Amino acid sequence: MYLETNLTGRAYLCTPRGELFRMPLGGGMRKHLNLNTDGEAIHLYMNNWPLLTGGFITDRRPSIEFRGHWKNPDLVMDDHSSLYRAFLPDGTVDRGQRPNRPYNGEVVPVTLTNEPYSDFKAACAAVKH
């Protein structure tokens, strides 16, 4: 028996260094939602799993998680330290270079808005050096 509604899709992540990742997205919300989702809890997660070679890759970094709630039309969330775990201070993906790094770090507030994908791509391209 499932106690929540599963969410699936694709996520696009642009790193602080302008790297673009297309990643599977999962998450959930409580079952039997009303038509108005304002104030409802939601959690989302995404892991790097390249489409063509995903079955052969064991390192799924970066791995990001967000938890929060709807504040229509936005999602107001935080990252539960997942950005700290996913990236090094210089913005590169942490591939295990710092094995003694603490698991928990800064918790970053995140607000997800509905914007055109073209705006996202332009912003990501502008970050590249």
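Helices (H or I, at least four residues) and strands (E, at least two) are DSSP runs, numbered from the N terminus. By this scheme, Tyr12 lies in strand 1 (residues 4-14). The structure described here is a predicted model, in which local features need pLDDT of at least 70 and side-chain atom pairs count only at pLDDT 80 or more, while totals for chains, interfaces and linings use all residues. Residues are numbered from 1 along each chain as its sequence is written, and side-chain values use heavy atoms, with hydrogens and water left out.

A look at confidence comes first. The score used is pLDDT, the predictor's confidence in each residue, from 0 to 100. The protein chain has an average pLDDT of 86, and 90% of its residues score at least 70. Confidence is lowest in strand 1, with a mean of 90, and highest in strand 5 (residues 74-78), at 97. Where pLDDT is low, the predicted coordinates should not be read in detail.

Strand 2 (residues 20-30) runs antiparallel to strand 3 and is joined to it by 4 bridges. Strand 4 (residues 63-71) also pairs with strand 3 in the antiparallel sense, over 7 bridges. Leu44 has a place in both pairings: Gly27 stands opposite Leu44, and in strand 4 the bridge partner of Leu44 is Phe66.

The loops hold some backbone features worth a visit. Most residues other than glycine have a negative phi, and most peptide bonds are trans. His32, in the loop between strand 2 and strand 3, has a positive phi of about 60 degrees although it is not a glycine. His32 is exposed, at 70% relative accessibility. His80, in the loop between strand 5 and helix 1 (82-86), likewise has a positive phi, of about 45 degrees. At 33% relative accessibility, His80 is partly exposed. In the loop between strand 4 and strand 5 sits Pro73, and the peptide bond from Asn72 to Pro73 is cis, with omega near 10 degrees.

Terms used. Pairing = 2+ DSSP bridges. Buried < 20%, exposed > 50% of the residue type's maximum accessible area, 1.4 Å probe, protein only.
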